[in-house]
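Hi everyone, thanks for coming.

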Amino acid sequence: MVECGAEARDMRERLGACFPELNAQEVERLASATRLSSYAKGEWIYVEGGGATVTCWLLSGHVELLKGSMSGKNTVLHVVRPEHFLDLYGVFGGGVAFLSARALSPCAVLSMENRVLRTILAENMGLAQRVMRALAVRQRMFINKIAVSQGKISVRRRVAGWLLHKARVERSAVLEDVVTREVLAGLLGLSRESLSRQLSRFAQEGMIRLERRTIVLTDEEALRRCLMEE
């Protein structure tokens, strides 16, 4: 009983920290419908086409979101970092996973039952607005992904855009290499060789500095000018 009580208290504390919009009663309700799971690197968290009865929040680690094709090849749509939702589509119904999620590193995930989360969203405007903002950001990312796949954005612009986005998210000009170049290339719709060549060109032009496990942005203004190029 003591252990169960400690686990329940720990879950309430986690949810309260992740979602400050919730009041104590809502935290209690959501805690009873949430489980904490750990995943090893390379392990599938959920698979496209499978059941979608929970919504996942990433506590630690990095996860890639993938979409399958008729050819059987998976396309990397996004790399999720800690303190973000993996996929919000299931919470609004459908019951089937729209995407697949795979751990890029050891991960800890909170899985919240959709039926309970939906009820709380209907009552809590602050949390509902946060979820809508998250969905809007994902939609914008996926629209950019479509433009990339159609070849409408050059390699130079894709890589510059990602570097600037990463720096903005991390609030630092020193970017940790948390994903492999192969995963990053897939995310940008490039071959690994094309990505490496473009990073080397940026380094030669003095816009970045490539170090072991890090990329240092040395001229962000020059990178922004790349975004204006045809």
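Let's begin with the largest nonpolar core, which has 28 residues, and where V159, L163, L195, F202, I208, L217 and L223 touch the most other members. By nonpolar core I mean a set of buried Ala, Val, Leu, Ile, Met, Phe, Trp, Tyr and Cys residues joined through side-chain atoms within 4.5 Å; buried is under 20% relative accessible area, with a 1.4 Å probe and protein chains only. At least two residues of this core come from each of β5 (75–80), α5 (155–170), α6 (181–188), α7 (192–204), β11 (214–217) and α8 (220–226). The biggest giver is α5, with six residues.

A word on the model: it is predicted, so local features need pLDDT of at least 70 and side-chain atom pairs pLDDT 80 or more, while totals for chains, interfaces and linings use all residues. Numbering runs from 1 along each chain as its sequence is written, and side-chain values use heavy atoms, leaving out hydrogens and water.

Now, which residues does I208 touch, leaving aside those up to four places away in sequence? They are L163, L199, F202, A203, I215, V216, L217, T218 and L223. There is also a second, separate core of 24 residues, with A33, M112, V116 and L117 among them.

Stepping back, 43% of the 230 residues in the protein chain are buried. The chain has eight helices and eleven strands, taken as DSSP runs (H or I, at least four residues, for helices; E, at least two, for strands) and numbered from the N terminus. Finally, its C-alpha trace spans about 60 × 40 × 35 Å along the principal axes.

How values were computed
Buried < 20%, exposed > 50% of the residue type's maximum accessible area, 1.4 Å probe, protein only. Contact = heavy atoms within 4.5 Å.
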